Amino acid sequence: MTWHNWGRSESANPVRVVTPASPDEVATAIADARRDGLTVKPIGAGHSFTGIAVADGVQLNLSRLSGLLGVDPELQQVTLAAGTHLHEVPALLAPHGLAMQNLGDIDAQTIAGATSTGTHGTGAAFGGLATQIVAVTLVTATGETLRIDSSHELFSAARLGLGALGVLVDITVQCVPAFKLSAVEQPEPLAGVLESFLERSAAPDHFEFYWFPHTTTALTKTNTRLPASSESAPLGGFKRWVDDEFMSNTVFSWVCGVGRALPAAIPSINRLASHLTGDRTFTDVSTSVFTTVRRVRFREMEYALPVEAIPHAVREIEELIARKNWRISFPLEVRVAAPDDIWLSTAYGRRTGYIAVHRYYKEDHHEYFRAVEQIFRTHGGRPHWGKIHYRDSSDFASLYPRFGDFLAAREKLDPDRVFANAYLSRVLGP
Ligand SMILES: Cc1cc2nc3c(=O)[nH]c(=O)nc-3n(C[C@H](O)[C@H](O)[C@H](O)COP(=O)(O)OP(=O)(O)OC[C@H]3O[C@@H](n4cnc5c(N)ncnc54)[C@H](O)[C@@H]3O)c2cc1C
């Protein structure tokens, strides 16, 4: 059966699909593939928009490597099987009073897939998922099993390895005591949000905003961390359904369909959307606030820029859309992250701001994304490894100081390129 990613931008017809139930079966699948001259690609939930998870040879489906393998209550660390989905994690951690420190927008991904592409959320003092990882177990191309923790020379490569170094079979995560988030979501003038962006994004725990093109309004989201004992004030079931399911999915899907048939209507629709959504406050357990459900399919490009460049870049994108007279129905999303030391992390060594642009999956995204990418390039932007971009390996040595070290790690662990595919050959070289 043909495999498709969530955004329907990639597909694959692997020679065979193997569903190993243990690290030994992973090693066997790799050995069998080598014998047959096939490449191997583990897949997660298929939520990358790039071809990073495309398997031509053996597709490793890790759905049987799932669940909680161990807990260290003293260190507040948990070991999860690599194929565990993020939406399964809260229930696994709850009995231990633990939570993940920060999350992205959705929880459909697997822990291994998410960390392998540098998945992140927002928060000036918080890094992406890979920064929460304290150790991994990796099965290499020769079937060797490596336990890689902070004392290992490949720690900064293996936590965010693009699936190029081997198959992660388990991941140990540094958790934090369970906590709640108080959320304030409100429309504000875009001009003011951009002017005060550096202070606004640094002050609260988790700040982000959305901007619908053709409007002057930003929808800001400010989340503050509270102890688990704080009183909850969750969104009522009906209010949550109206906002998160009906408006964000059902109505938005109609809107995208109308916008596609009648692009001239998009500015009015966007103005209406920015008035109807995003004015609410609530307090709930962290995972319910961090993540939402996305049912309307889209394609996405996201770049990491030095945080200071964010206001300029958003204004340049606004000017670009106006100059080209494009009609863009999907919002920009703007987030921040702390610097880290992970070799291929988009936040490596700098305070980072992220800008994501989207298009409905039935619309052509290339012209818009290519033009926006030119803006990101001028600001020294680094593309998200799991989201659409047009860069190749010749660009990355200057963007990532440790790119050469990552290539050396790949050469050492996978000299025969058992884990290669076309995307990896493009971004890392043959
Ligand atoms: C609706 C939507 C919302 C999103 N929101 C965010 C967000 O808020 N923040 C953000 O940063 N990103 C976001 N993303 C991007 C997404 O988090 C990443 O693309 C992520 O990698 C997807 O995880 P996955 O489990 O689907 O992995 P896949 O896309 O299936 O695989 C990604 C990579 O991981 C590798 N891999 C998978 N399992 C293993 C393993 N066991 N060992 C080694 N390598 C492995 C694959 O080979 C591949 O290279 C979003 C994507 C979508 C579609």
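Reader: How many residues surround the ligand, and which are the closest?

Author: This is a predicted model, and in it 37 residues surround the ligand, the closest being Pro 42, His 47, Ser 48, Gln 109 and Thr 117.

Reader: Which strands and helices each supply at least two residues of the shell around the ligand, and which gives the most?

Author: Strand E4 (40-43), helix H3 (111-116) and strand E11 (167-174) each supply at least two residues of that shell, and H3 gives the most, with four residues. Sorted by class, the shell holds 16 nonpolar, 16 polar and five charged residues.

Reader: Where do oxygen atoms of the ligand lie 2.6 Å, 2.9 Å and 2.8 Å from backbone atoms of the protein?

Author: At Pro 42, a polar backbone atom is 2.6 Å from an oxygen atom of the ligand. At Thr 110, the distance from a backbone N or O atom to a ligand oxygen is 2.9 Å, and at Gly 113 a polar backbone atom and an oxygen atom of the ligand are 2.8 Å apart. As for cover, the ligand taken alone exposes 970 Å², of which the protein buries 99%.

Reader: Turning to the helices, what describes two packed helices?

Author: Two packed helices are described by the angle between their axes together with the distance between those axes. Here, helix H10 (residues 310-324) and helix H11 (residues 366-378) have axes that come within 10 Å and cross at roughly 150 degrees, and the crossing in which H10 passes H11 is right-handed.

Reader: Which residues of H10 and H11 meet?

Author: From H10 come Ala 313, Glu 316, Ile 317, Leu 320 and Ile 321, and they meet Tyr 368, Ala 371, Val 372, Ile 375, Phe 376 and Thr 378 in H11. By class, the residues of this contact divide into nine nonpolar, one polar and one charged.

Technical notes. Residues numbered from 1 in each chain as written. Predicted model: local features only at pLDDT ≥ 70, side-chain atom pairs only at ≥ 80, totals over all residues. Heavy atoms only, no water. Axes fitted to C-alpha atoms, helices over the stretch in contact; angles between N-to-C directions. Left-handed = near helix turned anticlockwise from the far one by under 90°. Contact = heavy atoms within 4.5 Å. Nonpolar A, V, L, I, M, F, W, Y, C, P; charged D, E, K, R; others polar. Near = heavy atom within 4 Å. Polar contact = N/O pair within 3.5 Å; in protein donor to acceptor, adjacent residues only side chain to side chain. Areas by Shrake-Rupley, 256 points an atom, 1.4 Å probe, with all protein chains shown as cover.
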